[in-house]
Amino acid sequence: MDFRPLSTTERQQLLNALRGNAQSGTTLLMDRRDTSFVGTTEDVTDDEVINAIKSVPCHY
């Protein structure tokens with residue numbers, strides 16, 4: 001994977017999203033393919049939650 005620094009706009013959007021998450025619990029959304037930040041939402045669908053749980057590696 002190639003490193004690509006965030007643009008000024010992307011950086012500001014991510015900082016605002018992180019502040020919103022810390023202050024009011026806004027959900028951060030990430031792209032499933034490359035884990036890049038894609039926005040925020042107030043509501044999360046059941047499918048998104050299930051996909052997030054399935055993506056966590058489990059080791060016994």
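This is a predicted model: local features need pLDDT of at least 70, side-chain atom pairs count only at pLDDT 80 or more; totals for chains, interfaces and linings use all residues.
Of the 60 residues in this protein, 8% count as buried.

First, the layout. The protein has two helices and two strands. Reading from the N terminus, the order of the elements is α-β-β-α. The radius of gyration is 13 Å, well over the 10 Å that the globule rule gives for 60 residues, so the protein is more spread out than a compact globule. As for overall dimensions, the C-alpha trace spans about 40 × 35 × 20 Å along its principal axes.

Now helix 1. This helix covers residues 8-24, which is 17 residues. From first C-alpha to last, helix 1 reaches 24 Å, close to the 24 Å expected at 1.5 Å a residue. Just after helix 1 comes Gly25, with a positive phi of about 80 degrees.

Two residues of the protein bring us to charge. How many salt bridges does the structure hold? The count is one. The partners are Glu10 and Arg4, and their closest N and O atoms are 3.2 Å apart. For a pair to count as a salt bridge, the cut-off is 4 Å between a side-chain nitrogen of Lys or Arg and a carboxyl oxygen of Asp or Glu. In general, side chains of opposite charge can pair when their charged atoms come close. Are these two partners buried or exposed? Arg4 is exposed, at 54% relative accessible area, while Glu10 is partly exposed, at 27%.

Next, the strands. Strand 1 is residues 27-30 and strand 2 is residues 37-41; they run antiparallel and are joined by four bridges. Which residues face each other? Leu29 stands opposite Gly39 in strand 2, and Met30 stands opposite Phe37, also in strand 2. The hairpin that these strands make has six residues between them. Thr35, in that hairpin, takes a positive phi near 55 degrees.

Thr27 is also in strand 1. With a relative accessible area of 24%, Thr27 is partly exposed; the buried class would need a value under 20%. Thr27 and Thr9 are 18 residues apart along the chain, and 19 Å separates their C-alpha atoms.

A second pair gives another distance between parts of the chain. Asn21 lies in helix 1 and is partly exposed, with a relative accessible area of 35%.

Last, helix 2 and the surface by it. Helix 2 is residues 46-54, and Val49 lies in it. Which residues form a nonpolar patch on the surface? They are Val44, Val49 and Ile53, with about 240 Å² of accessible area together. Val49 has a relative accessible area of 38%, which makes this residue partly exposed. Patch residues must have over 30% relative accessible area, so Val49 at 38% passes that cut-off. An α-helix has 3.6 residues a turn, so residues three or four places apart point the same way.

Conventions: Residues are numbered from 1 along each chain as its sequence is written. Side-chain values use heavy atoms; hydrogens and water are left out. Patches are made of residues with over 30% relative accessible area and no salt bridge: like charges are joined within 9 Å, nonpolar side chains (Val, Leu, Ile, Met, Phe, Trp, Tyr) within 5 Å. Accessible areas come from the Shrake-Rupley method with a 1.4 Å probe; for residues, only the protein chains shown count as cover. Buried means under 20% relative accessible area, exposed over 50%, partly exposed in between (1.4 Å probe, protein chains only). Two strands pair if DSSP finds at least two bridges between them. The expected span of a helix is 1.5 Å times one less than its number of residues. The radius of gyration is taken over C-alpha atoms; the globule rule is 2.2 Å times the number of residues to the power 0.38.
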